[in-house]
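Subject: Structure handover

Dear colleague,

I am passing on the structure below, and after it I set out what was found. Please read the notes with the structure open beside them.

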Amino acid sequence: MMKLSSRLTHKVLSVLKKKQTAGVYIFSGLFKTFVQAFCGFVVLRWLKPEDLGLWQSFTVFVGYIQILTLGTTSGLARELPFRMGKGEEEKGIDFLKTTGYFTTTLSLVLMFTVVMCSLALYFTGRLSLDNALMFCLAFSTGALTIQTNFLGATYRSSRSFNTLSKIQFYNTFLCIALLPFVYFFKIWGYVTYQVLLSFFLYWGFYQFRPYKVKYRFNKILTKELIQVGFPIYFWTYILNMTRSIPRLILVLFGNSLLVGLYSPAGSINAAMLNLPNYINKYLYPRMSFMFGKTASEEMVIEYVLKVAKILFLVMLLCVLIIVFSIPHLFVLYFPKYEAGSLAAQISVFAGLFYCISQMFANTLFVIKKTKFFKYLILFKCFLILFFCFILSFFVENLLIVISIGSVCTEFINCFVFYIVLKKSVVHGRNY
């Protein structure tokens, strides 16, 4: 009896510890997001728009170099916890070593190439010294981010997430502590600010990395990582891109004023999605570990559906609060955008359904049901165009048309994901 009681107590404490870990990690992420947004508004008061625009004209292209990883980091994020759960720890570490070698080599080659290109552009007179230096720093930071993302994918256990939370808190503190650089040195202080934040984030990930192993190249494992990871990377990227279709419709069939009036809706949705994004980041390795350990699609999907129900209720409460707050906030703080307040209220519901469908999408990646995605994305693109076309006959305001169209599209998209998850258990097909 005492032994049973001891086991029960240990199990309860273990569950509470895991929930505490998840809570601290999610809070650290949300706190970091809030501080970064606050610092962003502060920086805008100190910098000239033309100076900030010059730096951002280089950084806007930096995100695209992530495709050069060929999805190896995404593959590791799925395979490492999966192999650990399956009891193939050595295979998981081999994947880690291979990814580390590939991304480290890629980062170094990119940095060397960027430096050479910067010098060539400067000495041939194509770029001024300032522009060449900005080009070099922007793309070198992007190359370093490849390494940061790889190291981030190795933080998969509850203990690792505790460490990750501390790193995020430290990085948040640096966001504030480094602000004087911007105040005293203006745009070059801001460039330094961005570079230092990227470097210290990488340093934190590297210094406290959970697996301190020597990287080595393995052709077979590299190919396997690409086969697993590239579809995940590619379809996630394309799926996220579909969210920009409403804005594209405004650009093509509206005008710059409508695009501007719709921007608060996009910003509110982006801020609201931070909570589910961090939850998904925490759950993804746990789902992979569970699938590796049990080889049961049904168990993983039941777990996800249970979490999705709780997340939906929490997000619905957040949405209702935001919806009722928007009119007052727009009148008080954004009177110039008041004409877009109704569109923002409607669009928030699109974010609600999107966050749930994103969780379902991650589940399909875990159980390797990726063939379905090309059909889903085409269907989603068709839906948003179809709804906007039909609604345009009944509603004159284009902002309202795309807002309602987005909500209808995301709702059906979420429902389709749910059906696919259910059918994958019943039929075991690779959709």
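The protein exposes about 23000 Å², of which carbon and sulfur atoms supply 69%; accessible areas here come from the Shrake-Rupley method with a 1.4 Å probe, and for residues only the protein chains shown count as cover. This is a predicted model, in which local features need a pLDDT of at least 70 and side-chain atom pairs count only at pLDDT 80 or more, while totals for chains, interfaces and linings use all residues. Residues are numbered from 1 along each chain as its sequence is written, and side-chain values use heavy atoms, with hydrogens and water left out.

On confidence, pLDDT is the predictor's confidence in each residue, from 0 to 100, and the protein averages 81, with 90% of the residues scoring at least 70. Confidence is lowest in helix α1 (residues 2-46), at a mean of 63, and highest in α4, at 91. Over residues 1-17 the pLDDT stays under 50, and the model has 0 contacts there beyond four places in sequence, a contact being heavy atoms within 4.5 Å. Where pLDDT is low, the predicted coordinates should not be read in detail.

As for the overall fold, the secondary structure comes to 15 helices and 0 strands, where helices (H or I, at least four residues) and strands (E, at least two) are DSSP runs numbered from the N terminus. Of the 431 residues, 47% count as buried, buried meaning under 20% relative accessible area, exposed over 50%, and partly exposed in between (1.4 Å probe, protein chains only). Among contacts between residues at least 6 apart in sequence, 83% join residues at least 24 apart. Helix α4 (residues 89-123) has 35 residues and reaches 51 Å from its first C-alpha to its last, close to the 51 Å expected at 1.5 Å a residue, the expected span being 1.5 Å times one less than the number of residues. Just after α4, Gly125 takes a positive phi of about 80°.

The largest nonpolar core has 93 residues, and those with the most contacts inside it are Leu76, Leu250, Met359, Phe360, Leu364, Phe373 and Phe417. Such a core is a set of buried Ala, Val, Leu, Ile, Met, Phe, Trp, Tyr and Cys residues joined through side-chain atoms within 4.5 Å. Helix α13 (residues 341-366) gives the most to this core, with 16 residues. Apart from this core lies another, of 32 residues, among them Phe58, Val62, Leu174 and Val182.

Pro81 has its place in helix α3 (residues 72-86) and counts as buried at 3% relative accessibility; leaving aside neighbours within four places in sequence, Pro81 is in contact with Leu76, Arg156, Pro285, Ser288 and Phe289. Ser341, found in helix α13, is buried with a relative accessible area of 14%, and beyond neighbours within four places in sequence Ser341 is in contact with Ile326 and Phe330.

Finally, a disulfide is taken as a pair of cysteine sulfur atoms within 2.5 Å, and by this rule the count comes to 0. Cys117 is in no disulfide, as the nearest cysteine sulfur, that of Cys136, is 9.7 Å away, which is too far for a bond. Cys117 is partly exposed, with a relative accessible area of 34%, whereas Cys136 counts as buried at 15%.

With best wishes
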